[in-house]
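Visitor: Hi! Could you walk me through a structure today?
Guide: Happy to. Here it is.

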There are 2 protein chains.
Amino acid sequence: MAPKIPIRMYLAEDEMPQSWYNLKAVMKEKPDPILHPGTLQPVTHADMEPVFCKETVKQELDDTNPLVPIPDGIREFYRAYRPSPLVRAYFLEKELGTPAEIYYKFEGTNTSGSHKLNSAGAQAYYAQEEGLTSLATETGAGQWGTAMAMACAFYGLKLTVYMVKVSSEQKPYRKALMEAYGAGVIPSPSNTTESGRKILEGDPNTGGSLGCAISEAIETAVKTEKCRYVLGSVLNHVLLHQTVIGLEAKLMMDKYGIKPDIVIGCAGGGSNLGGLIAPFMGDKIAGKLNSRFIAVEPASCPSFTRGRYAYDFGDTAKTTPLMRMQTLGNGFIPSSNHAGGLRYHGMSSILSKLYHDGLIEARAEVQTDVFDAALRFMKTEGILPAPESSHAIKAAIDEAIECKRTGEKKVILFGLSGTGYFDMTAYMAYNNKTMSDYIPTDADLQKGFASIPDIPQNG
Amino acid sequence: MAPKIPIRMYLAEDEMPQSWYNLKAVMKEKPDPILHPGTLQPVTHADMEPVFCKETVKQELDDTNPLVPIPDGIREFYRAYRPSPLVRAYFLEKELGTPAEIYYKFEGTNTSGSHKLNSAGAQAYYAQEEGLTSLATETGAGQWGTAMAMACAFYGLKLTVYMVKVSSEQKPYRKALMEAYGAGVIPSPSNTTESGRKILEGDPNTGGSLGCAISEAIETAVKTEKCRYVLGSVLNHVLLHQTVIGLEAKLMMDKYGIKPDIVIGCAGGGSNLGGLIAPFMGDKIAGKLNSRFIAVEPASCPSFTRGRYAYDFGDTAKTTPLMRMQTLGNGFIPSSNHAGGLRYHGMSSILSKLYHDGLIEARAEVQTDVFDAALRFMKTEGILPAPESSHAIKAAIDEAIECKRTGEKKVILFGLSGTGYFDMTAYMAYNNKTMSDYIPTDADLQKGFASIPDIPQNG
């Protein structure tokens, strides 16, 4: 008889993953290479090293090594808050009356409140090992900035965070948390950089944007001695670090003989989804697993379901290398949405390629439906989910209800990437029934697509 | 060789405690009985049952059964968020350079953010079993109200929370969280009760007080059909439910052959401290353990260190039974302090008796010192502590530093009762160096003592 599955499963310290899982190396069809925006040639290590830490550049461009050892110094950091639990959602299953088994990997037990710490710790470690003294980054919703602040406090690095101005005003507590960890938080656009000053000259009252904050952070990193830039999503090395999520989940499931029929994650830039699915997708590619994979995005920012698969810039100022990805166009401005972490025009090139090849499904959801699911989850499972993560909850509940209809006893695994402690304004809007949503029209999308660069590779 | 102690220790589901630990039954010298304020005779079950659930009244007055079985229906609730981890503070130890071993039991991993859920779940379960349909309570800082909202959502009960008005205005997100769980939150004083209306007549602009909110909640419970009142601290049955903390900690420590030399907890009404120390204190009383026990309270509300051991009311309106306890007088108004959960004039009668008999030490700390310790902790251990819990951190660090001085390798265990996600205004005040503290003068204390009732038992 199979062992009874407890509500919460933990790995012992010595069972924790010793390597990350390089999905790109396992994929038969590789994502198209990152291009230098000037030459339109594949970027080299030398192109990227003025901006990023050397080791992360190596990881970014590594197509060949399926397993990348996690250094002891990072494993020590991980042990401070990992393993994160894999939870069987018995209470939710009961409330739904579904024959499905629902599991979620919960990444919100650390103070940053999300999975972002997995890559923040790795990137801060490499910076310190390389002899750098400071880092610069940007943050919109705030999870990434908080994670970097924690990691830099741990490794003794200075950190400057450019926080989208409107976000720093709306989320003073997020800002305070980063500051408590010793980070310098600068509302963006600011007069500390050329790109910031330029934007302020044009519009002194602007609330800022992620694109602008990225430009300011990169400029600061490049101009400051012993400083580099760090990014919390989209890039291959970020997804690599996040595979610790999927690896832990798979180890725990293997222990109990569980194989997921469906794996679900929310998707903004793709770091949480990519990290969760990586080892399962590897098994699927190898013909050892027959799971479905579902990406869930907000209907207001539908880069998978309504975007184009094209080379595009990562930022609105068009300063980054070009990546071939599902994109709404770097000029697309998603409407206000409480899932700030999912408001991004593009998508990880790895996930975009998998979607393009039919290995990942995607669906888009409206906010009120997402919060209906969040409330159903928090009242049964007890955890206050982040608006971002609640997109995955919505799809998991829908699949479980479908199982009830068909009588199938499927195994559903989803990523609960974070908690909603700093998102109570969203819950208040939901409670007060003042939550709205803007779904872009086809005309809106055409305007966004017009910003996609007109280069031969897109022809 | 002893097994290497991991950073985080968890019990398996089947190792979790099956009974609570009734410390009162184990104490050789019992606390003095609770008195009826009219007759000055020990209260009976019949006196208390109009206000509290039957089963909790039984527990409140039970002096004889050392082990009280935890019903399956409550163990199921506990399994939704327990066991909570016992953590070895390796990173903090290293930063302090202490030979001491520091451990903390972390009760903040659930959405309510504190240990309060342990008693909320138990009280809601008993209410539902008794056939009640609703409960009423009050909340100041908000942890207890949130815990009750979660428990009532789980067991399908209606909940009314009287939230101190100034607190509901200062912490709109706490209020929103309770409302998201379906609780009705009423700023107190309100016009929904006689006692509320009376206070509003006298002072329409009052910000309210915990004493007033208690009166409104009790009035509502007594006047509503199938409704009772629930309290989150001070009372014996609340401490009983909280012993799950100490029992889990002890089971884990026993597993690794660890015996604490010092056990530390913050103390407001005593629920967290009493729950943590119970089984260790039982061993000490039985001569099997030679630990020290330290209660840490705010210098602005020093009921242990500067209070009197006397019969007093639990509320400022003088409506509750009389308990013999360490008290500053029911009329004592503690100055504003960010550790809202420690702003109470009295103290659990069990802990008061232990203190009176020399089995517990106590110390009082000022806010800025407490936040110095909190920051040191969060930068090394990664967890954002509640201001209340940070009092225990302060004492644990002081004891570890003392070990460094003496070279002693003591084992220190402290209770990390909760997280600080809803206390960022406190961290902002600390960061901005605008945090102040008012330590009551002897004259202030005399004024408070004057409100202690003049009855023969106090003579």
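**A helix and a serine**

Guide: In chain B, helix H6 (residues 117-129) has 13 residues and reaches 18 Å from its first C-alpha to its last, close to the 18 Å expected at 1.5 Å a residue. That expected span is 1.5 Å times one less than the number of residues. Helices (H or I, at least four residues) and strands (E, at least two) are DSSP runs, numbered from the N terminus. This is a predicted model, where local features need pLDDT of at least 70 and side-chain atom pairs count only at pLDDT 80 or more, while totals for chains, interfaces and linings use all residues. Residues are numbered from 1 along each chain as its sequence is written, chains are lettered from A and ligands numbered from 1 in the order in which they are written, and side-chain values use heavy atoms, leaving out hydrogens and water.

Visitor: How many residues of H6(B) are buried?
Guide: 11 of the 13, so H6(B) is largely enclosed by the rest of the structure. Buried means under 20% relative accessible area, exposed over 50%, partly exposed in between (1.4 Å probe, protein chains only).

Visitor: What covers them?
Guide: The cover includes strand E2 (19-21) and helix H12 (236-255) of chain B, among others.

Visitor: New topic: where does Ser389(B) lie?
Guide: Ser389(B) lies in helix H16 (residues 387-406) of chain B. Ser389(B) counts as buried because its relative accessibility is 0%.

Visitor: Which side chain does Ser389(B) join in a polar contact?
Guide: That of Ser417(B), at 2.8 Å. A polar contact is a pair of N or O atoms within 3.5 Å; within protein, one must be able to donate a hydrogen and the other to accept it, and residues adjacent in sequence count only if both atoms are side-chain atoms.

Terms used:
Contact means heavy atoms within 4.5 Å.
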